[in-house]
Structure formats: structure tokens, C-alpha cells
Amino acid sequence: MPTGGGGDTPADLPAETAATVVGSSPIERTEAGAAAGAEQELMTVNMGPHHPATHGVLRLLVSLQGEVVIDLKPIIGYLHTGIEKSCEDQSYWKVIPFVERMDYLSYFSNMQAYCGAVETLLELELPPRAQYLRVIHLELNRIHSHLVWLGTSALDLGAISMFWYCFRERDKILDLFEMSSGQRMHTRYFQVGGVFEDIPAGFERKVREFCADMVVRLEQYRALLDRNEIFLRRTKGVGIVSRERLLELGVTGPLLRAAGEPWDLRRAQPDLCYADLDFKIPVGTVGDGYDRYRVRLQEMRESVRIIEQCLDGLPEGPFVADDRKVVLPPRDELSISMEALIHHFKLVTEGFRVPPGEAYYPVESPRGELGAFVLADGSAKPARVHIRDPSFVHMQALREMCVGGYIADLISNLAMLDPILGGVDR
Amino acid sequence: MPDSPGLELIAGELRDAHPDSVLATYHEHDQACLIVDPEQVLDVLRWLRDTPGQRYDFLSSLHGVDYLPAAPRFGVVYELLNRDRVERLRVRAALPDPAANGDGADALPAIDSCVELFPTAEFHEREVYDFFGIVFRGHPDLRRILLPEVYVGWPHRRDFPIGGEPVIFTHDERIVPGWTE
């Protein structure tokens, strides 16, 4: 495997070469190549949409001069399933399983963004216990998402054992999700007004065990990768884009924080109970692949802290808002209360109606700002659901990370970008 | 978020700087929105981005909305953010449907592209074009982004039926001849 990057990045390329259009004739002699001494042909390589290192069905058209990436164009849409359109045909509570399947690694964030937007439109207050339960699951989800990222990214860079270790811990999180919601992935645990069910007995103990375990595991991951010469040389100094440029490109989340910008919506614009919690926002210095790795690793540690604080401070009380026009009545009331039966019937058949209006609700997903825009027209179905997915936006930054570097660094950059194609294509 | 008087102040200053640019404002659920003239949307965005005291210099999201049956029918929505004050402002360009104004059934609504102001808008605008058929003048590479380039129709418009499109498999070629072209 070529191990480029590090100090020996290729010499600066002339500007006219960098502007070469992709997709013209596949082989083309350029004057710049001849002028550089090494007479090299420009070659267009198609990566994907089924290359295993593309983290999904991403297709990249790459123009190469030798091993150096001259231009790069992401071609997306292979996973487009029209989820946003399908949402317009569902009642509000049935949309939740749809939006979960967009960014399939951070389904709790998708749910939170969507439910938050609908709750904003309904002006519905969440009970404190629901907020804490949501944060516990959101942060477990963040660890889960970062673990999948760490495992697959290290795999891309040749560290196969990381994959097994990370997926071992990920499986424990999926067990926790199964315990609280009955589903391992795409749990539909959140609902408008709170969460679907209270956590079962023993869940807290299992989460605490997991948290204690995770602290040790994170140190082990760090020990495995931080001394790994191959990993270091393939991530350090690779894929640097300046902080200003990242902001122009709309990049948020760990990518932006790795470049030194402490921007985290959980702190800047806290929703749920994040304002009550004590956590740090890890930032990087240079913004290379190694910083991105360190930021995400530290974020997992902070997520563990958040979960532990939430368990310590978990308030008693209802886990869902007491609004019978929106939330299903408890099962035991159905046999004794006619009114509950009517509410149940109306909610299940028609769903609840949302007053006309529009709302944009951003949350900090594991990948960055994930925003849900919901337009309500007064009926029981949303008139428009749009998810601003961070992966979709970040895909635009890939070109600037890769141009001028080796093609081996492209794999590293893509791994550290952490795109989820389900979210990109929706 | 700018509160309701704050939003009116912004709208007032915008009207002074660019007459008739702001058509309406609304403030609901603690979210502020300016509804602007699509012909002046670049002026408005530039003013909001560059004016000291405003500095909405981060474009969180850009998306299209079809308000059918309301008129003007389309909206291009810009979710702006000032990261220092953590204030969000929604700008909506209200675009009429040229097909309804007798410009022919194939006439597409058009608006200026804001890629120069916010480079992040490139993919967003392509997506809006893809799904709503809103043309962004001056966009560097306005093609369909998620749907195939040969796709016909604008599926996120409200009058485009869900499931109104045949699922194309190879064995359907007998039924839908020439679908590969």
C-alpha cells in the first residue's frame, strides 16, 4: 500500500492543471505535466459506486496525474429513495420511522430533529424525564456512530483488528437499544411529546456497566492507533482545509471542530437538557485526519460523561407529555375511559393535526448540524419534510481535501470525512 | 433568534437599503422569517452577510418548498445563522410559478444563485433544482444531483403524485420501450 501523506506531499501543481475538467477525454497529455519534467498522462478513474472503501454507494470521478489527484467530483444519488417525498404522504407520527432511515447510523439524531420540529410547531413541552431519556439515547447513538466510523476508517487504513474491537462495543450499544425500545437499529424510540416507553428495570445498571467499560476501551483504541506508524503517517498532515474555508463550505461537526472551531450546537444552542450538563467540546489544532480522529475519540469520552450525568440526575415523572390530542393514552385507560378510547382511535386512524406553520430544528448529530424543516398545512400530514443532512454538505469539502494529494490520501480523507450515504441521498 | 421587534428592525433597515426587497415578515415559534422579493434575494443575502451588526455569514441550509395552492407558489428558503450571537434567521424568496402565469407549461421559475456568497449552496441549489425545477441563474454546475440526469419531472412539487412513476426494471423494457435512452 502506498503510504503517502506526512511530510512528503507532492510538489505544488500549476494552477492550469488543477483546473482541468473531469470527464473529458480519459487520456490527455498536458503541457504542465511535461513542464514538470515528468511527462505524465492525465487519467480519469472511476471509484465506486461499489468500492468498499467508499462507505456506501458513493461514486467518485477522480482525475489523476500519476498518483496525484488533480480533480475529484463526487457523484451521488445512488441511494436516493425519495424519503422526503414519502413523508408527505404519512401522518406526523408515521414519518418518524422514515426519517430514521436517512442517516442510518445516527437515527436518534434524525428522530430528535424531526420530533423537535413538530414539537416546535405544536409548542409542546417535554417532561424532564423524557428530555433526559432522549439525551441518554442520543449520546449512546453518538458513541455508536463514532464506533462504526472508527472501525471502518481504521479498516480502510489497514488496521483490521480495530474493526472487530469497535463492533464489539457497538453491539453492546445495540443491545442497550434493544433493551429500551425492542429494536437494535431504527428504534423509533422517540415520539412527538417524549419517548415511546420508560426504560425497563436494569437498563440503568447495564448502561453504567457499559460506560465504565467504554472508558477503558477508549484508552485501548487510543493505544492501538496512536502508536501505529502506518495510521499516523496516513492521517497526519493529510486533508487539511482551513477553518475559514470549511465554514464557507458549510461544514460543521467534528470536521469543523478538528480545525479549531469550538462550534457545537449542544453548547451553542442547547435543546433538551444539555444546558444542565457538564461536558467539554474537544477541538483540534491543524484540522488534518489525525485531529479528526482525536476529536471524535474524545467526543466519545465526553458522551460517556454526559450519559453518566444523565443517569445520576434522571428525574422521576412521566416519560411523555400529557397531551391527549398528540400522545396515545396509556393502555390501561382504554378499558375504563370512553374519552381515552376516542383519543386512541383518532390518533391511530387519522393522527394528530398540526397548526399551519413552518419550523427548522437543528441538532448536533454525530456528523454535524442535522436540521429538520417541517411545513405544516393544518392537516394530519406534513406538507414538506426536509432534512439538512451534514454528510450531504460535507461531500462538497472532499474535493478540497484531496486535490493535490496522493490517491492513497483520498481513501484516508474519505474515511475521516465519515459520510453516510443514506443521509447524503435520502 | 431575533425577537419580533428585532426582526422588524432588520426588515426596516433592509427596506432602506434595498427598497421593496422585503415583502413580509413573520415571527412564530421563536423563529424569525423574512419573505423577500426573488429578484433582490442576492442583495438581501449580501446585506445580511456583510452589514456590521447583522453578519449572518453561515448558511445552514437552503431548501425548496412548494406552497401549492398558495400564491406565490414556490419558496426558496435560506436558513442563515450568526454564530457569534447564535441567531438564526430564515429568508424565504417567494417565487411565482411562471407556468400558471401563462408562460407555457414548461416554463421554470428562476432565481439568482447564491453560490458566490455561500459556496456551501452549490449542492443545495442543485437539489432544489432537481426536485422543484427551480433554475438558479449563475450556478456553476446546475444539473440534477440525486435523480438520474435523464429523469423527467420535478418530484417534490405537490402536484407530482407519490408512486406516480413506473418502477423501471430491465424486464419492463417490453412494456416501456426505450426507457434506457
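**Figure 1. Domains 1 and 2 of chain A.** The C-alpha centres of domain 1 and domain 2 of chain A lie 33 Å apart. This is a predicted model, in which local features need pLDDT of at least 70 and side-chain atom pairs count only at pLDDT 80 or more, whereas totals for chains, interfaces and linings use all residues. Residues are numbered from 1 along each chain as its sequence is written, and chains are lettered from A and ligands numbered from 1 in the order in which they are written. Domain 1 of chain A covers 15-75, and domain 2 covers 83-321 + 354-425; these bounds come from an automatic or database domain assignment. Between the two, 16 residues of domain 1 of chain A are in contact with 18 residues of domain 2 of chain A (contact: C-beta atoms, placed from the backbone, within 7 Å). On the domain 1 side, strand 3 (59-65) and strand 4 (68-75) of chain A each supply at least two residues, and strand 4 of chain A gives the most, with six residues. Strands (E, at least two residues) and helices (H or I, at least four) are DSSP runs numbered from the N terminus. By class, this side of domain 1 has eleven nonpolar, three polar and two charged residues. Ala, Val, Leu, Ile, Met, Phe, Trp, Tyr, Cys and Pro count as nonpolar, Asp, Glu, Lys and Arg as charged, and the others, Gly among them, as polar.

**Figure 2. The largest nonpolar core.** Of its 161 residues, Val99(A), Tyr114(A), Ala117(A), Val118(A) and Val374(A) touch the most other members. Helix 6 (residues 128-156) of chain A provides the largest share, 13 residues. Domain 1 and domain 2 of chain A both give residues to this core, so the core lies between them. A nonpolar core is a set of buried Ala, Val, Leu, Ile, Met, Phe, Trp, Tyr and Cys residues joined through C-beta atoms within 7 Å. A residue is buried if 20 or more other C-beta atoms lie within 10 Å of its own, exposed if 12 or fewer, and partly exposed in between, with C-beta atoms placed from the backbone. Leaving aside neighbours within four places in sequence, Val118(A) is in contact with Tyr92(A), Val192(A), Val354(A) and Val374(A).

**Figure 3. The contact between chains A and B.** Chain A contributes 34 residues and chain B 23 residues. In chain B, strand 3 (58-66) and helix 3 (121-132) are the elements that give two or more residues to the side touching chain A; strand 3 of chain B gives the most, with six residues. This side of chain B has eleven nonpolar, seven polar and five charged residues. The predictor gives the complex an ipTM of 0.87 and a pTM of 0.87.

**Figure 4. Strands 3 and 4 of chain B.** Nine of the nine residues of strand 3 of chain B are buried. Eight bridges join this strand to strand 4 (residues 74-82) of chain B, and the two run antiparallel (pairing: at least two bridges found by DSSP). Val65(B) stands opposite Gly75(B) in strand 4 of chain B.

**Figure 5. The surroundings of Val36(B).** Val36(B) is in strand 2 (residues 31-36) of chain B and counts as buried because it has 27 C-beta neighbours inside 10 Å. Not counting residues up to four places away in sequence, Val36(B) touches Ser21(B), Val22(B), Leu23(B), Val41(B), Val44(B), Val91(B) and Ala93(B). Val36(B) and Ala94(B) are 58 residues apart in sequence and 6.4 Å apart in space, C-alpha to C-alpha.
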